[in-house]
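The stops below go from one selection to the next.

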Amino acid sequence: MNMGGMPIRQPLPTQTVEQIDPFLLLHHANVKAPAHVKPDHAGVGPHPHRGFSPVTFIFQGGVHHRDSRGHDSTVYAGGAQWMNAGMGIIHSERPSGNIHEIGGQQEIIQLWINTPAKNKMDIPSYFPVKGEDVPFASSEDGKVKVNVFAGELLKVKGPVPTQAVVNAATLIFRQGGKISIPLPSLHNTFIYVLDGQLRVEGFGLVDGLHLVHFKNDGEGITLEALQGTRVLLVSGEPLNEKVVSYGPFVMNNQTQIMEAMRDYQKGKMGVLIEE
């Protein structure tokens, strides 16, 4: 897909899978920061959100986040930026100021996580996590590292507070690495494979740039890497609530969408002036 001139992959939603409740959207971008554009003018400029959590996982490069609540931080490879839009916030996502000095490559995943109806009008929050601060677990063979951002996996708790009940982790496999991860049977679970090749027990081989949505019929998943592989793993308790969305707003009915548009136009989501 073309997103403002930036080519991205969108494995969720598709024509066959509208959402994996509570997960609404996944974008994977792997692009070179434009050399002829200053970093603070590249990327995505100020735009609003309400009613869900846009979460950015950084795999290469760095992302400079600023928002109408006064947050201003840069997170580099290995980290994540977890924002709960709540009642409304305006933010921008630019390459780090030193992006060209660190190679110029930007690889990120943005995941949209729905917020329960009772929390959609909460005060917005922003939670940056640096790569070196992410707690992790390792496989028995020492060839798989599981970086836990939210929830609890393999007895490791992630630092990010969430509104929906979710687990979120990135997995880094060396060739031949194998791991079994218990997961709640009630959770909807998927993995997105950024590169390499995995064998998913009970399914088969999965190449990079593919998403695997699991059935709710087991107690966990077992993965084995045939090549060096990077994976995003998320699971979540389904909200089972009606989803009505319009662009950057995700609510429960059309009236709430109209209210979000009105509030944004009236400036109730704040103002972000980039300097």
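Select R50, R262, D263 and K268: these residues are linked in a network of salt bridges. A salt bridge here is a side-chain nitrogen of Lys or Arg within 4 Å of a carboxyl oxygen of Asp or Glu. This is a predicted model, in which local features need pLDDT of at least 70 and side-chain atom pairs count only at pLDDT 80 or more, while totals for chains, interfaces and linings use all residues. Residues are numbered from 1 along each chain as its sequence is written, and side-chain values use heavy atoms, with hydrogens and water left out.

The salt bridge between D263 and R262 has its closest N and O atoms 3.4 Å apart. D263 also pairs with K268, where the closest N and O atoms are 4.0 Å apart. Which of these residues is buried and which is exposed? The classes follow relative accessible area: buried is under 20%, exposed is over 50%, and partly exposed lies in between (1.4 Å probe, protein chains only). D263 is buried, at 8% relative accessibility. R262 is partly exposed at 40%, and K268 is exposed at 54%.

Next, select G51, in the loop between strand 4 and strand 5 (52–60). Strands (E, at least two residues) and helices (H or I, at least four residues) are DSSP runs, numbered from the N terminus. G51 is buried, with a relative accessibility of 0%. What is G51 in contact with, apart from its neighbours within four places in sequence? Its partners are A85, G86, N114, T115, K120, V250 and M251, contact being heavy atoms within 4.5 Å. For a distance across the fold, pick the C-alpha atoms of G51 and I89: they are separated by 9.8 Å, and the two residues are 38 residues apart along the chain.

Strand 9 (residues 89–95) runs antiparallel to strand 4, and 4 bridges join the two. To find one of the pairings, select V44, whose bridge partner in strand 9 is E93.

Now move to another open sheet of 4 strands, with the order 17-22-19-20 and antiparallel pairing. Its edge strands are strand 17 (178–182) and strand 20 (204–207), each pairing on one side only. Neighbouring strands of this sheet are turned by 25 degrees against each other on average, direction ignored. Strand 17 and strand 22 run antiparallel and are joined by 5 bridges. Select S180 and look across to T222 in strand 22, which stands opposite.

Stay with this sheet and select R199 and E224. They form a salt bridge with the closest N and O atoms 3.6 Å apart. R199 lies in strand 19 (residues 197–200) and E224 in strand 22 (residues 220–225), so the pair ties together parts that are 25 residues apart in sequence. Both ends are partly exposed, with R199 at a relative accessible area of 38% and E224 at 24%. Side chains of opposite charge can pair when their charged atoms come close. The count of salt bridges comes to 8.

Finally, zoom out to the whole chain, which has 1 helix and 25 strands. Its C-alpha atoms fill a box of roughly 55 × 45 × 35 Å, taken along the principal axes. Buried residues make up 49% of the 275 residues. Of the contacts with a separation of 6 or more, 71% are between residues 24 or more positions apart. The chain exposes about 13,000 Å², of which carbon and sulfur atoms supply 51%; the areas come from the Shrake-Rupley method with a 1.4 Å probe, and for residues only the protein chains shown count as cover.

Key:
Two strands pair if DSSP finds at least two bridges between them. Axes are lines fitted to C-alpha atoms, for helices over the stretch in contact, and angles run from 0 to 180 degrees between N-to-C directions.
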